[in-house]
Amino acid sequence: MWIYRRLAKTSWKDKKTNQEVCDHLGTKREIAKTIKTRKIKYFGHNERHTSFLKDVLEGKIEGSRPRGRQRRQWVDDIVDIAEWTGKGIRQCTAEAQDREKWRSVSSQPLEQGRHRETEK
């Protein structure tokens, strides 16, 4: 957001919200959509390969975790991906095997909490 404030010549001291700065410049904040799209694309890439990295990301490596609050795991992101695409985890895994099909899925992630059936 700092770059938007520099473009609009708006200081942090002006007490303007990020949304007001975006409205002034006529832009949208699309970082969440970019992150979703990249996670979905990486999921497809990862599912097409069999490697040690895939085992690590899916949590198949045995061992103990450190104390305290647990970090967010890739498995949690997989659940989010299934929610964003409006499909089940198994269906996402099967579709990720076909690169062209997965590209069409990953090009348009859904907003969180919405499903494809309601969008039609």
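Glu100 counts as exposed, at 53% relative accessibility. In this predicted model, the side chain of Glu100 meets that of Arg103 in a salt bridge, at 3.2 Å from N to O.

How many salt bridges does a search of the whole structure find? The count is two. The other pair to look at is Lys87 and Glu95, whose side chains meet at 2.7 Å, N to O. Here Lys87 is buried, at 18% relative accessible area. Glu95 is buried too, at 9%. Why can such pairs form? Side chains of opposite charge can pair when their charged atoms come close.

| Residue | Relative accessible area | Class |
|---|---|---|
| Lys87 | 18% | buried |
| Glu95 | 9% | buried |
| Glu100 | 53% | exposed |

Now the cysteines. Cys22 is buried, with a relative accessible area of 1%. Cys92 also counts as buried, at 1%. A disulfide is a covalent bond between the sulfur atoms of two cysteines. The count of disulfides in this model is zero.

Next, the surface. Trp2, Ile3, Leu7, Trp12 and Leu25 form a nonpolar patch there. Together they have about 590 Å² of accessible area. Which helix gives the most to the patch? Helix H1 (residues 2-8) does, with three residues. Ile3 lies in helix H1. Its relative accessible area is 42%, so Ile3 is partly exposed. The accessible surface of the chain comes to about 9,500 Å². Carbon and sulfur atoms hold 50% of that surface.

Step back to the fold. The chain has eight helices and zero strands. Of its 120 residues, 25% count as buried. Take the contacts between residues at least 6 apart in sequence: 47% of them join residues at least 24 apart.

Finally, confidence. The mean pLDDT of the chain is 78. A value of 70 or more is reached by 84% of the residues. Where is confidence highest, and where lowest? Helix H2 (residues 18-25) is highest, at a mean of 89. Helix H8 (residues 116-119) is lowest, at 42. Over residues 112-120, pLDDT stays under 50. For that stretch, the model has 15 contacts beyond four places in sequence.

Technical notes. Residues numbered from 1 in each chain as written. Predicted model: local features only at pLDDT ≥ 70, side-chain atom pairs only at ≥ 80, totals over all residues. Heavy atoms only, no water. Patch = residues over 30% accessible without salt bridge, like charges linked within 9 Å, V, L, I, M, F, W, Y side chains within 5 Å. Areas by Shrake-Rupley, 256 points an atom, 1.4 Å probe, with all protein chains shown as cover. Salt bridge = Lys/Arg side-chain N within 4 Å of Asp/Glu carboxyl O. Helix = DSSP H or I, 4+ residues; strand = E, 2+ residues; numbered from the N terminus. Buried < 20%, exposed > 50% of the residue type's maximum accessible area, 1.4 Å probe, protein only. pLDDT = per-residue confidence, 0-100. Contact = heavy atoms within 4.5 Å. Disulfide = S-S within 2.5 Å.
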